[in-house]
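Here are my notes on this model, jotted down while going through it. Have the viewer open as you read.

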Amino acid sequence: MNLKVGDEVVVITGSDKGKTGKIVKVIRSSNRVVVEGIHVVKKHQKPNGQESGGIVEIEAPIHASNVMIVDPKTKKGTRIGHTTDKNGKKVRVTKKSNEKLD
């Protein structure tokens, strides 16, 4: 998976199609990501010692294939490629503008 925490992504399918947000969590075992403000669901929570109970809204994970990295130049979704820099280190680059990520 080419996605990392902090990447700006756009949702390409589903009920939140077209919305953008930053990745909060990456779940590599199930190939899913949690994006802030995207796929917000209501959860019934029992009260415990620190928090009161009630209905809370949390961001649920979505499949990584349903998001695309936002190109820093064009501000649109793009695919990711890999190249090596001058030092021989592997870096992520965008396919549309060949802009380096990270």
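Predicted model: local features only at pLDDT ≥ 70, side-chain atom pairs only at ≥ 80, totals over all residues.

The points below go from the ground rules to the fold, the sheet and the overall numbers.

1. Ground rules. Residues are numbered from 1 along each chain as its sequence is written, and side-chain values use heavy atoms, leaving out hydrogens and water.

2. Elements. The chain has ten strands and zero helices, with strands being DSSP runs of E of at least two residues and helices runs of H or I of at least four, numbered from the N terminus.

3. The sheet. Six of the strands make an open antiparallel sheet in the order E6-E3-E2-E1-E7-E8; two strands pair if DSSP finds at least two bridges between them. Its edges are E6 (62–63) and E8 (77–78), each pairing on one side only.

4. A pair to look at. E1 (residues 8–11) and E7 (residues 67–70) run antiparallel and share three bridges. Valine 11 sits opposite valine 67 in E7.

5. Shape. The C-alpha box along the principal axes is roughly 55 × 30 × 20 Å.

6. Burial. Of the 102 residues, 29% are buried, meaning under 20% relative accessible area with a 1.4 Å probe, protein chains only.

Terms used. Buried < 20%, exposed > 50% of the residue type's maximum accessible area, 1.4 Å probe, protein only.
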